[in-house]
Amino acid sequence: MSGPCVALITDPTSPEGCRDYLARAVELLTGAPPRRIDSRHFAPCGTGRVRDRDGIRLRLDVPDQGLEVVPEVVVLYEIPPHRRRALAAFQRLLAHHRAVTLGAGVTAWRTATEKDRTVDRFQRDGIAQMDTVVLTRPSAHEATVAFDELGRDTWARPVVGTGGSDTFHVTSAAQLAEATEYYARRRSAWLLSRDAGNVTADGDRHQFRVFVLGGRVIHAREHIQPATDTPCNTCQGATATFIAPRDLPRRLTELAVAATASVGLPFAGVDLAIENGGVVFEVNVQPAFIEGELEHVAIPYVQAHLDALAQATGSHRGRHPARGRRWGSQVHGRSPRVA
């Protein structure tokens, strides 16, 4: 029996490369490669269309790629943060057509992508975070007041950003002025947060990335950054050490699961620190992962889609032999059906 047809919809302009690992995971689990589709075709100016085929099955028409795909599962991933809002209408169509996917949560995507919304949601739900002020084109005086209130040891980051390339450690009036001017040139709202003091005895920054799927931790890693004024991202030079979920401090497990639930995502990568009793920095809608995490992240994520399909149809196709149990999952839309 052939495996289900999986549409893998990603943005090829992303430098992260998760799409290749997801494609490998799909082929390992189903025995067939996914149908790859450029997500930009479903943005407002794209020619991609979502339709019912025979009034029953989902059909994706992509004239620019010469594709007509009737998928049973849609994996929507690796969409750069600044392009996510352009896919909101497409996500709503996926939900309307009852696509089996974990990627149709428009509100959840926006809550996690726009960090000012994340801060508000965490405040509402009591998720521990460092004190933060949201700034929108502030005057020099307004920025200074916020800086003083936060103890003059802070991190500045845009409301929408990625990779830490536009994030700065701000500890002086001169650095604050530079950050204020930087975001003003880009017409970007930004956040100023109190430093978490997440520095080891050896003088390195450290934080954790925790992957949560279906209400449980499936993988974690610790990031070590010797450049303490640089974000603790692997793409910014931090090194990562894998941690088995059972070895993660309980407080971090609880925080990661709670933060993911707070923003409403079925899957996320949560960045957090153990200091200050445990605090969350952000929730990543589509966290980047590397080849060594194929088994830890990509396969469970794809398997969650296949489990949702099996639940909707009563089938059991696409079970990876190394996976003896179901990964918890959530499918957006009403009563998913075969696409």
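**The sheet and its helix**

Modeller: In β12, Q207 has H223 as its bridge partner. The model is predicted, so to speak of local features pLDDT must be at least 70, side-chain atom pairs count only at pLDDT 80 or more, and totals for chains, interfaces and linings use all residues. Residues are numbered from 1 along each chain as its sequence is written, and side-chain values use heavy atoms, with hydrogens and water left out.

Colleague: How many bridges pair β11 with β12?

Modeller: Nine, in the antiparallel sense, between β11 (residues 205-213) and β12 (residues 216-225). Strands are DSSP runs of E, at least two residues, and helices are runs of H or I, at least four, numbered from the N terminus. Two strands pair if DSSP finds at least two bridges between them.

Colleague: What packs on the sheet?

Modeller: Helix α8 (residues 294-313), which touches β11, β12, β13 and β14 (267-273). Contact means heavy atoms within 4.5 Å. The direction of α8 makes about 150 degrees with that of β12. Axes are lines fitted to C-alpha atoms, for helices over the stretch in contact, and angles run from 0 to 180 degrees between N-to-C directions.

Colleague: What is the strand order?

Modeller: β13-β12-β11-β14-β15, an open sheet of five strands with antiparallel pairing. The edge strands, β13 (239-243) and β15 (279-284), each pair on one side only.

Colleague: Is β15 mostly covered or exposed?

Modeller: Mostly covered, with five of its six residues buried, meaning under 20% relative accessible area (1.4 Å probe, protein chains only; exposed is over 50%, partly exposed in between).

Colleague: And what joins β14 to β15?

Modeller: Five bridges, with the strands antiparallel; G269 is opposite N284 in β15.
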